[in-house]
Amino acid sequence: LPGFSQQTNANPPRLVVGIVVDQMRFDYLYKYQDHYGDGGFKRLVREGFNYKNTHFDYVPTVTAAGHASIYTGTTPEVHGIVGNSWYDRASKKGVSNVGDSKVKIVGSVVENPYGRSPQNLLSSTITDQLRAGSNFRSKVISVSLKDRGAILPGGRTANGAYWHDWESSPGYFVSSSYYMEKLPSWVQDFNKRELTDSYLSQTWNTLLPISEYDESAPDDNPHERLLRGKDSPTFPYDLEAMRKLYNGETTFYQVLWGTPFGNTIVKDFALEALKNEGLGKDIYTDMLCVSFSTPDVVGHTFGPQSVEVQDIYLRLDRDIENLLSTLDQEVGKNNYMVFLTSDHGAMPVVSYLHANKMQAGLAVIPKFKQDLSFYLNQRYGAFEWIAEFGYEQIYLDRKLIAEKKLSLPDVQQAVADFMQQQPGVRFALTAHNLQDNNFDEGIPALVHNGFHPARSGDVMLVYEPGFTATSDFRTPVSEVQGTGHGSGYAYDTHVPMLWFGKGIRKGETSRKVHPSDIAPTLSMMLNLQMPSGASGEPLSELLDK
Ligand code: ZN
Ligand code: ZN
């Protein structure tokens, strides 16, 4: 059908590479640019299309919700991944986003009872659409250090999702019986190289002389957490010395995640997948999903002001350069396309904000819980009304409320009214209110987009900008070390979105877009039915002729 193919993408890329950099703030693209090489981030920006005003459009901005939203093209309201974990009312237990007791880990050394699968993901992904749309001739391979960073992008139909396991192996890449009975031989061979062990016998020092890191605070500053065995948060990090402190505990293998070698091993694995799975070698477009988890771990520990975070990005830049140049050789310069984004940003360390006269505060969860219990006991009688008090949501004991013949919306509203008066609380929205109303704008819209009635709480909490929730009663704002993410504020929502390669024109825009626009855009480029829950908009700058 020559006439037909002229107006559509007659010649789609042979390979789409999706890169998620866990906890990459938008500003990291620019803040460190003087020290980036020419072939990594700068190449993507220089030759590709840069969406400078990309924001997540829901809360909570956490890893599982982020990866699910990027690949399903919708928000937790629809895909159901409302957090890294949530409270299950039926079992009265926490549920992990990719937890699945019906399946087993494949490739672990010791028996591990905790299986993983995408069973909780309620919408199809762009990777599912690619698989089904090609009658399963397109291949999808997904890799990350984190289980959720691999499983959620791969969707329910990936050929393989692989993650780095430190609970039941010495840092091997494993998968799930959901996908396969045993690891492919190339993955077994990769594991036999014992790369985790050899990376962990090295010392992490700065890539460049430390005097050149003048975009960051001094290496020794009070806002950073200390690693085991260190009395200051400073370079060098002698990993072999740290090993001795772990006395053979397998948790030592997770130390890799907090070093630049965590990114390198994921890149190494992705390149092995590329070669051994023959990705991009035939007319059926394949997809390789790569999620770099290390920037998140290092960001939590040291904060965005740190030399450690800067060094991680300078080295990741070199890993991305290596990834792109290998794609040039293996797949061919004009045969592949890349998008790069993040699953959320990060808040500056609250003590850093405080020390620099910016708005900063703590929402102390145990204190809130105590005060709310006292209030509910006075109002409704002395019972355990609160089933679970999370950082951003409160689950009530609905059975008890029914037994006492109280109205659930009334109790929810009483809780919300009480919480609304607590210091640092900006909004407290009830489940009843969220189900009955459509919020189109502002913070309530973000809460609405992140709310799923069966999985979310009875009252959703939003704190003031610069506030962070903590379970720690004692540490004052001025002494907090390390940071996090999860809010609907720009430090957490504003992330990079870069497109590069086949069919992508050069350019940039400040139009506000969302990571959930990525999957609908790929649907247009690859002429695929959109993922089942898709609510994002195709990016017209990349598509319209
Ligand atoms: Zn993350
Ligand atoms: Zn994180």
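Before we go in, some housekeeping. This is a predicted model, so local features need pLDDT of at least 70 and side-chain atom pairs count only at pLDDT 80 or more, while totals for chains, interfaces and linings use all residues. Residues are numbered from 1 along each chain as its sequence is written, chains are lettered from A and ligands numbered from 1 in the order in which they are written, and side-chain values use heavy atoms, with hydrogens and water left out.

Now find strand β16, residues 393-396. Both of its faces are covered: Gln393 and Tyr395 are buried on one side, and Ile394 and Leu396 are buried on the other. Who are its partners? Two strands pair if DSSP finds at least two bridges between them. Strand β15 (residues 386-389) runs antiparallel to β16, joined to it by three bridges, and Glu388 sits opposite Tyr395. With three residues between them, β15 and β16 make a hairpin. β16 also pairs with strand β18 (residues 459-463), again antiparallel, over two bridges; here Ile394 has Val459 as its bridge partner.

Next, the metals. A donor is an N, O or S atom within 2.8 Å of the metal (3.2 Å for Na, K and Ca), and since water is not among the atoms, sites may look incomplete. Which protein atoms hold the zinc ion (ligand 1)? They belong to Asp22 (OD), Thr63 (OG1), Asp343 (OD) and His344 (NE2), at 1.9 to 2.2 Å. Four donors count as tetrahedral if all angles lie between 85 and 135 degrees; four count as square planar and six as octahedral if opposite donors are over 155 degrees apart and all others between 65 and 115; anything else is irregular. The angles at the zinc ion (ligand 1) run from 95 to 130 degrees, and the site is tetrahedral. Thr63 in helix α4 (residues 63-72) and Asp343 in the loop between β13 (336-341) and α14 (350-355) are 280 residues apart, so this pair links distant parts of the chain. Thr63 is buried because its relative accessible area is 1%, and Asp343 is buried at 0%.

The zinc ion (ligand 2) lies 4.2 Å from the zinc ion (ligand 1). Asp296 and His300 are four residues apart in helix α12 (residues 294-302), so about one helical turn separates them. Asp296 is buried at 4% relative accessibility, whereas His300, at 22%, counts as partly exposed.

On a 1 Å grid over the protein atoms alone, a cavity is a set of points where a 1.4 Å probe fits but cannot get out, and lining residues have an atom within 4 Å of a point. The largest cavity is lined by residues including Tyr172, Phe190 and Ile265.

How values were computed: Buried < 20%, exposed > 50% of the residue type's maximum accessible area, 1.4 Å probe, protein only. 1 Å grid on protein atoms, 1.4 Å probe; cavity = no way out; pocket = protein on both sides within 12 Å on 5 of 7 lines; lining within 4 Å.
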